[in-house]
Amino acid sequence: MRMSRYFLPVLKETPSEAQIVSHRYMLRAGMIKQAAAGIYSWLPLGFKVLKRIEAIVHEEQQRAGHIPMLMPTLQSADLWRESGRYDDYGQEMLRITDRHGRDMLYGPTNEELITDIFRSHVSSYKDLPLTLYHIQWKFRDEIRPRFGVMRGREFLMKDGYNFDLTKEDALHAYNRHLVSYLRSYERMGLQAIPMRADGGPIGGDYTHEFLVLAETGESEVFYDSEITDLRFGERAIDYDSVEQCQAVLEEFTSRYARTDETHDAALFEQIPEDRRRIARGIEVGQIFYFGTKYSDAMGATVVDQSGARLPVHMGSHGIGVSRLLGAIIEASHDERGIIWPEGVTPFHCGIVNLKQGDAEADAACEALYAALDALGLEPLYDDRDERAGGKFATMDLIGLPWRITVGPRGLKNGVVELTSRRSGESEELPPEAAVERIAQIYGRATA
């Protein structure tokens, strides 16, 4: 993409309504525009990052054996009355009446709808285990939406639902989700700590929230500092192996880590004092096992090996896809702007032409652009007739992890400048070597 043809409405001043870093930078970088309180239009740059995050979630869910689908945003109130949640959910649920007088709702979650789909099509234990998921827009009518996409009313969420014959099978699904979430967050450049949590309106005794540590987090968290040394890394895991998934669960949840809702002061004090930490965290996902809560209420049963009809064991598992953009920015920024991790960056690198209109500089930029594009990489070429300082400021604000700077002086010596946004370090390289370095960073093969 060329900057001269792109829609990137950056702002020089910080809007007064933006209270936290992620909200300020998302507005200033032209990623979102508020349409109503807690509801945003996703502009091209923000939409690209949203799709990067969504792609990672899809890849890791399917790697774990989970099957994608799509459910509607509007649901029948009758299903929620059947489960008993319609009156219990509270004013966060947006209730609607259609032209025929039927009660509808804008879905805040999908346990009822997926259970109805399951009971309509599955009747035998031979079709289990089964995990279905989708990535869909949700709506919760927050009393006080704030902090941009961090606490909005409309948000994009991945929610998945497992159906299993026994509690043991369902807990394996729970562990499988924990592993897939750890992989997803690390690919996004985040450390999201699984913490013992409260089931809330979803229900269930087994539940962990995944929280990213940040000063602006809404949750107070208590944890053993040893947990921050854990990384999932590139290890291979067999998602069908109960033992391997259980081992990961134990590794990442055996140390104390809880939100304020489940904090146990007595247990916390048993941790050596030098390892006790109290901080703030941003919730970016949650996993639940709730047994037969919905299958009992809604008649979701299967016939087992002996011919008996049993309610299935279920769990639900969510990742806040749109909220993750805010969390990543809160965890990765400086005073100049965003610093995107390579896994979610909207463009793989920026190209800055220091002297637009200079034949040699223009040709070198075009050659870099073509070489990166041929490798399946997406550069953002700032080909505007603007001062160099303004171009650098824009690149720093939007946070691309790598920048190639091209100018007449460097080209006379046969080099361009490759700069890391995170470290600020620069290196002069021949243009071909700069392309090769970018390709290596993103795992692309060069000829």
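The largest nonpolar core holds 76 residues, and those with the most contacts inside it are Met31, Ile53, Tyr185, Phe210 and Val284. A nonpolar core here is a set of buried Ala, Val, Leu, Ile, Met, Phe, Trp, Tyr and Cys residues joined through side-chain atoms within 4.5 Å. Buried means under 20% relative accessible area, exposed over 50%, and partly exposed in between (1.4 Å probe, protein chains only). Helix H5 (residues 167–187) gives the most to this core, with 7 residues. Helices (H or I, at least four residues) and strands (E, at least two) are DSSP runs, numbered from the N terminus. A second, separate core has 26 residues, including Leu79, Trp80, Tyr294 and Val312.

The model is predicted: local features need pLDDT of at least 70, side-chain atom pairs count only at pLDDT 80 or more, and totals for chains, interfaces and linings use all residues. Residues are numbered from 1 along each chain as its sequence is written, and side-chain values use heavy atoms, with hydrogens and water left out.

Tyrosine 185 touches Leu190, Ala192, Phe210, Val284, Gly285, Ile319 and Leu324, leaving aside residues up to four places away in sequence. Contact means heavy atoms within 4.5 Å.

The largest pocket contains about 1000 Å³ of space. A pocket is an open set of points on a 1 Å grid over the protein atoms alone, where a 1.4 Å probe fits, with protein on both sides within 12 Å along at least five of seven lines; lining residues have an atom within 4 Å of a point. Grid points are joined across faces, edges and corners, and the volume is the space filled by probe spheres set on the points. Of the 45 lining residues, Arg140, Glu209, Glu283, Gln286 and Arg323 are the closest to the pocket's centre. Strands S8 (154–164), S13 (276–291) and S16 (313–320) and helix H9 (321–331) each supply at least two residues of the lining.

Helix H9 is largely enclosed by the rest of the structure, because 9 of its 11 residues are buried. Among them are Val321, Leu324, Leu325 and Ile328.

The whole structure has 0 disulfides, a disulfide being a pair of cysteine sulfur atoms within 2.5 Å. Cysteine 349 is in none, and the nearest cysteine sulfur, that of cysteine 365, is 11 Å away. Cysteine 349 is buried, at 1% relative accessibility.

Arginine 2 lies in the segment before helix H1 (21–28). Arginine 2 counts as buried, at 18% relative accessibility. Its contacts include Glu366, Tyr369 and Asp383.
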